[in-house]
Amino acid sequence: MSTPLEAFKKRKRSPKIYGLHTFGHPGCPIAPAGPFRDNIRVFLRQCSEPEGYNVDGMPVWSTFLVHENRGFLVPLYTIEESVKHSLTPFCDHCRSTGEFVPRFFLILELGF
């Protein structure tokens, strides 16, 4: 298995890179304007790259964050879980509101 930096260098096109400390600030990288599932779809479409593999049948995307002062790269992986095949299909929000949406997991890989 390659390191995040090796995988980053092998990409055919250069992905967008976001600041680690500014990521998630209002308007960075997107300005949420609607239901959670729609905001996640916009985020994936505009800010992530498909990884080209699945985890237990679930698609994986990556977004790269860079530490503004030290320059190291941190990949943020987003994994979509199918509600139809999940052992726990409802998140707390869905159970409380009755809004049933796909679940997403955000995973930071810190390799230092």
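**Notebook: strands and a buried glutamate**

I looked up glutamate 80 and found it buried, with a relative accessible area of 13%; buried means under 20%, exposed over 50% and partly exposed in between, with a 1.4 Å probe and protein chains only. This is a predicted model, where local features need pLDDT of at least 70, side-chain atom pairs count only at pLDDT 80 or more, and totals for chains, interfaces and linings use all residues. Residues are numbered from 1 along each chain as its sequence is written, and side-chain values use heavy atoms, with hydrogens and water left out.

I placed glutamate 80 in strand 4. Strands (E, at least two residues) are DSSP runs, numbered from the N terminus. The side chains of glutamate 80 and arginine 41 are joined by a polar contact of 2.8 Å. Such a contact is a pair of N or O atoms within 3.5 Å; within protein, one must be able to donate a hydrogen and the other to accept it, and residues adjacent in sequence count only if both atoms are side-chain atoms.

Next I checked strand 3. Seven of the nine residues in strand 3 (residues 58-66) are buried, so the rest of the structure largely encloses this strand.

I then listed its partners; two strands pair if DSSP finds at least two bridges between them.

- Strand 4 (residues 73-81) pairs with strand 3 in the antiparallel sense over seven bridges, and serine 62 stands opposite tyrosine 77.
- Strand 2 (residues 49-55) runs antiparallel to strand 3, with four bridges; glutamate 49 has serine 62 as its bridge partner.
- Strand 1 (residues 17-19) pairs with strand 3 in the parallel sense over three bridges.
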